[in-house]
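User: Could you walk me through this model? I'd like to start with how two helices pack and then look at a sheet.
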Amino acid sequence: MPLALAAALLLTAATPAPDAVSEVAPGVFVHLGQVAEAARDNAGDTSNWAFVVGERCVAVIDAGGSEATGRALAAAVRARTALPVCALVITHGHPDHLLGLPALAAALAPQRQIAAERLPAAVAARRGTYQALAQRQLELAAPPVIAVPGETVNGEAAIDLGGRRLVLRAWKTAHTDHDLTVFDEASRTLFAGDLLFVGHLPVLDGSLGGWLAQAPALRALGAARTVPGHGPVSSAAGWDAQTAYLAGLRDAVRAALGRHQTLQQAVAGIDAPAGWAMTELYHRRNVTAAYSELEWED
Amino acid sequence: MSFPALLPSALRRLVALAGALACAALLPLAAQAADEPSPDTEQWTGVRQYLFADRPIADNMGDVVELDAPFRAEDAAVVPIGLKAKVDQTPGRYIRKLWLLVDKNPTPIAASFELTPESGRADIETRIRLEEYTWVRVVAETSDGQLHMARKFVRAAGGCSAPAGKDMEAALARLGKVKFKLEGEVQQGKPTLAQVMVSHPNNSGMQMDQVTRLFVPPHYIRHVEVAYAGKVIMSADVDFSISENPNFRFYFTPQAGSGELTAKVVDSKDLTFSSTLSLGKTGT
Ligand SMILES: [Zn+2]
C-alpha cells in the first residue's frame with residue numbers, strides 16, 4: 001500500500017478545522033484527526049471521533065485528545081442536530097481518545113457514558129503518566145483532568161438511537177486490554193477505535209497475538225466502511241495492510257528470539273517497513289512490546 | 001583500552017537517532033547533547049549515604065563495570081538494562097555484588113545482585129520501568145571491598161508509553177510460571193549465558209485512580225535465587241522497578257557430568273515459585 005496511501009494521507013491530513021466533520025453515510029459524521037503526535041499546535045486533535053444521529057437521540061464515539069477537541073466535538077454535534085445525546089462511547093483509554101471527555105460531557109450532558117469493562121483499571125494504572133505527558137505535549141499550565149465512563153460493557157451491548165441500533169462489542173486484548181468497537185447497523189459503519197490504524201503505524205499496547213487472532217473476526221463483520229482510530233475511513237483493505245505489518249512484526253521478532261538475540265539486538269535489527277507514518281516514534285516500541293510478549297511462546 | 005575509543009562513534013549514532021525522532025515530548029533537538037543534568041542528584045546523595053556511607057566509589061572509570069542502557073527508552077514499561085563486568089570472576093578477585101539504581105523512580109534501589117566466582121561472569125541483564133527522565137546507575141562491589149560505579153542518563157519515551165503492564169489479566173493468569181532458557185552452547189568450564197523468566201505482574205501498588213478510588217494492589221517479586229549444581233550463583237533482591245514478567249540474563253559455569261539449574265522466586269505476598277532445568281551430560 002503504502003506509498004500511495006501515505007501520500008494521500010499527507011494531503012487529506014493537512015490541518016483540518018478542529019470541528020470539521022464529513023457525513024460518510026446518512027446520519028454518520030466523522031472527524032479525522034491529524035496523523036501526528038499531540039502538541040500545542042494541533043491542540044491534541046490527533047485522533048478520529050464521530051457521532052451517529054438517530055430519530056430520537058445521538059451517540060458520540062470518542063472524545064479526542066484535549067479539552068479543545070471535546071469542545072470542538074460538542075460544537076460539531078450542535079451544528080448538525082438539536083437532539084439529546086443518549087450515549088458517549090469511549091473506544092479505549094489512550095489519552096488521545098479520552099482527554100476530551102470532561103469538556104464534551106459538560107457541553108452535551110450525555111445520558112450514558114460507556115467503555116469496556118477493563119478501561120477504568122487500565123486508566124487508573126496510567127493516570128499520572130498520561131497527565132504528565134499531556135501537560136508536557138500540549139504545554140498546559142496544569143495537568144488535565146482525566147475522567148472515565150461510569151458504565152462498562154463486557155461482551156456485547158446495544159444502544160437504540162430511535163430507528164437506529166448501535167452494537168457495542170468489547171474485545172479480548174489486542175491494541176489494548178480494553179478495546180471496544182461500535183457498529184451502526186443502519187449504515188453498516190464500523191467504528192473500530194485503535195483496533196484499526198490506516199496509514200498511521202499500528203501501535204501495540206496490548207497483545208500482538210490477540211490482535212492478529214481477532215483481526216479476521218473484525219474484518220468479517222462485513223462493514224461497508226470502517227472508521228479507524230487514526231487515518232482515513234477505510235474499506236476492508238485497511239485490515240489487510242495492518243495485518244501484514246503485525247504479522248511481519250511477529251515473524252521478525254520470533255526469528256530474533258530463535259537466534260537468541262537480546263531485546264536490544266532485536267530492537268536495533270528489525271527495521272520498520274516502508275509506507276507507514278509515525279514509524280520513528282512507534283516501530284521500535286512495537287518491537288519491544290512484541291518481544292516481551294513472544295518470548296513466552298513455546 | 002579500546003572502550004574509550006568506541007565512545008565517540010556510539011555517541012554520534014545516538015545523537016543521530018535522537019535527531020530522527022520527531023517526538024514532541026522531547027526537548028528541542030539542539031539541546032539533546034546538553035540536556036544531561038548533573039549526576040549529583042538529591043536522590044543519589046540519599047541512596048549513596050544509605051547504602052555506602054562514606055566509602056569511596058570510583059565513578060565511571062569503565063574498568064570494572066559498565067552500564068548498558070538506551071539513550072532513549074522506547075517503552076517506559078520495558079527498558080532493557082545491562083550490567084556488564086569488565087573483570088573476570090576469579091576466586092582471587094571477583095564482583096560479589098551489583099546494585100541497580102534508578103534515581104527518579106519511587107524506590108531508587110531497583111535491585112541488588114549477589115554473585116560468586118562460580119557465576120563465571122558478573123553480567124546481568126534485566127528490564128526496568130522508568131517513571132521519568134533519570135540517571136540509571138550500577139555500583140559493583142569487588143571481593144576486595146572496592147566500589148565502582150557506571151551510570152547513564154535515560155530519557156523516557158513519549159507516546160502513550162506508561163510504566164504499567166499491557167495485559168493485566170494475562171499476567172495474572174500465568175502468575176508464577178518460571179522458565180529457564182539457555183542462550184548459548186553449554187561448554188564445560190566456560191561461562192554460559194542463561195535466562196530466568198518469571199511470569200508476574202510485578203505491580204507497584206502505588207497508582208490510585210482519583211475518580212474510581214480503585215487501587216492496583218501491590219504485588220511484586222522481591223527475591224530471586226538461582227543455583228547451579230547445588231551452589232547459589234546469583235541471588236537478587238528486587239522490587240517493582242523491574243518490569244512486568246521479570247527477566248534476568250546471567251552466566252553460570254557448567255561442570256563435568258550432569259548438573260541442574262534451579263530458581264527460587266519469592267514475591268511480596270510470600271508466594272514461592274520455582275523451576276529446575278536439568279542439563280544432562282554437558283559437552284566436553
Ligand atoms: Zn490507542
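Analyst: Helices (H or I, at least four residues) and strands (E, at least two) are DSSP runs, numbered from the N terminus. This is a predicted model, in which local features need pLDDT of at least 70, side-chain atom pairs count only at pLDDT 80 or more, and totals for chains, interfaces and linings use all residues. Residues are numbered from 1 along each chain as its sequence is written, chains are lettered from A and ligands numbered from 1 in the order in which they are written, and side-chain values use heavy atoms, with hydrogens and water left out.

User: OK, which residues of H6(A) meet H7(A)?
Analyst: From H6(A), Leu208(A), Trp211(A), Leu212(A), Ala215(A), Leu218(A) and Arg219(A) take part, and they meet Trp239(A), Asp240(A), Gln242(A), Thr243(A), Leu246(A), Ala247(A), Leu249(A) and Arg250(A) of H7(A). By class, this contact has nine nonpolar, two polar and three charged residues, where Ala, Val, Leu, Ile, Met, Phe, Trp, Tyr, Cys and Pro count as nonpolar, Asp, Glu, Lys and Arg as charged, and the others, Gly among them, as polar.

User: And at what angle do the axes of H6(A) and H7(A) cross?
Analyst: The axes of H6(A), residues 208-219, and H7(A), residues 237-258, cross at roughly 155 degrees and come within 10 Å. Axes are lines fitted to C-alpha atoms, for helices over the stretch in contact, and angles run from 0 to 180 degrees between N-to-C directions. H6(A) is therefore roughly antiparallel to H7(A), a label for angles over 145 degrees.

User: Switching to chain B, what is the strand order in the open sheet?
Analyst: The nine strands run S1-S8-S7-S4-S5-S12-S11-S14-S15 in chain B, with mixed pairing; two strands pair if DSSP finds at least two bridges between them. S1 (57-59) and S15 (272-278) of chain B stand at the edges with a single partner strand each, so one side of each has no neighbour in the sheet. From one strand to the next, the twist averages 15 degrees.

User: How many bridges join S4 and S5 of chain B?
Analyst: Five bridges pair S4 (residues 95-102) with S5 (residues 109-115) of chain B in the antiparallel sense, and Leu100(B) has Ala111(B) of S5(B) as its bridge partner.

User: Which helix packs on that sheet?
Analyst: H2 of chain B (residues 42-52) does, touching S1, S4, S5, S7 (134-142) and S8 (147-154) of that chain, and its direction makes about 155 degrees with that of S4(B).

Notes: Contact means heavy atoms within 4.5 Å. Angles under 35 degrees count as roughly parallel, over 145 as roughly antiparallel, 65 to 115 as roughly perpendicular and the rest as oblique.
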